[in-house]
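Q: I am new to this structure. Could you take me through it step by step?

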Amino acid sequence: MQIQYKPKRGLLATLFQAEIVQGMTLTLKKLFSKPITRQYPDEKPQIQVGFRGQHALVRDPETGRSKCIGCMRCAMACPSRCIRIRSHKDKEPGSRRVIDCYRIESLRCVYCGYCEEVCPVNAIVLTEVYEYGSYDRPSLYFTMEQLLANWDRFASGMDRPIEEYVNPFWRPRGLAERDLPAPKRLLVSPEWSGEQQVVGRKWRQHHAPEQS
C-alpha cells in the first residue's frame, strides 16, 4: 500500500481557505451535471456473478440435504465468528459427519467470502440475492433449514439450470489447479485464477510490458 500525503498549505491558502473554494467548485460543477440516480425499486441494478449477498447452503441434488461435511473450515476462517456448527459422526463405517446445527448470524457477517473459498465441497455460498432486509433481528439469524431455503429460492429464480451455476469464490484465487481439491477445480473467468491474480502496484508492474 502506498500512502500519499497532501502538500503543506501555504499562507495564502490558509487565509483564503482554498479547500472550501475547491469543495464549492466541485459542488457547483456537479449541480449542473446530469443526475445518475437509479429509480429503485423500479430500476433494478445489474448484479454480477460473484456478488456477495444472501447466505445459502447448497443442496445436494442426490440426497436433498446440504453438501456440508462438517469440516469446520468456514467457522475457523470467518473473521467475525458468525458461523456456528454442531455435528456428530455417524456410526456406520465410511459415512460422513451428520450436521445437527448450522447457523449464520448475518448481522455480524462482513461478507468477505472466506467461507466460500475454504469450503472443500462448495457447500456454502453468498448468493447474488441482495433484497432480504428485515424489521427484526431473529429473521436474520439463518438456521440450516433457512439457508437451504435460501438456496432453493435462488435456484428457482435463475434463468439457466442451477447445475451450471459456478460462484467465482468457490475457486480460490492465486492457486494452481494441482493444489486444489477436485470439487474446487472449476472453470471461472481468468481474472479469478492463475498467475494473473495480482493487484495494486504489483498488478501494474506485471502488466506494464503488455501495455507498452
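This is a predicted model: local features need pLDDT of at least 70, side-chain atom pairs count only at pLDDT 80 or more; totals for chains, interfaces and linings use all residues.

Q: How many helices and strands does the chain have?
A: The chain has six helices and five strands.

Q: And in what order do the elements run from the N terminus on?
A: From the N terminus, the order is α-α-β-α-β-β-α-β-β-α-α.

Q: What share of the residues counts as buried?
A: Of the 212 residues in the chain, 29% are counted as buried. The accessible surface of the chain is about 15300 Å², and carbon and sulfur atoms account for 56% of that surface.

Q: What about contacts in the chain between residues at least 6 apart in sequence: what percentage join residues at least 24 apart?
A: That applies to 62% of those contacts.

Q: Changing topic, how many cavities of 30 Å³ or more does the structure hold?
A: There are two cavities of 30 Å³ or more. The largest cavity has about 110 Å³ of space.

Q: Which residues are closest to the centre of the largest cavity?
A: The closest are Cys78, Cys82, Ile83, Cys109 and Cys115, out of 17 lining residues. Helix H4 (114-118) and strand S4 (124-126) are the elements that each give two or more residues to this lining. By class, the lining of the largest cavity holds 14 nonpolar, three polar and no charged residues.

Q: And the second largest cavity, how much space lies in it?
A: About 80 Å³ lies in the second largest cavity. Its lining has 13 residues, and Cys68, Cys71, Cys74, Cys119 and Ala123 are the closest to its centre.

Q: How does the lining of the second largest cavity divide by class?
A: The lining of the second largest cavity has 11 nonpolar residues, one polar and one charged.

How values were computed. Residues are numbered from 1 along each chain as its sequence is written. Side-chain values use heavy atoms; hydrogens and water are left out. On a 1 Å grid over the protein atoms alone, a cavity is a set of points where a 1.4 Å probe fits but cannot get out, and a pocket is an open set with protein on both sides within 12 Å along at least five of seven lines; lining residues have an atom within 4 Å of a point. Grid points are joined across faces, edges and corners, and a volume is the space filled by probe spheres set on the points. Helices (H or I, at least four residues) and strands (E, at least two) are DSSP runs, numbered from the N terminus. Ala, Val, Leu, Ile, Met, Phe, Trp, Tyr, Cys and Pro count as nonpolar, Asp, Glu, Lys and Arg as charged, and the others, Gly among them, as polar. Buried means under 20% relative accessible area, exposed over 50%, partly exposed in between (1.4 Å probe, protein chains only). Contact means heavy atoms within 4.5 Å. Accessible areas come from the Shrake-Rupley method with a 1.4 Å probe; for residues, only the protein chains shown count as cover.
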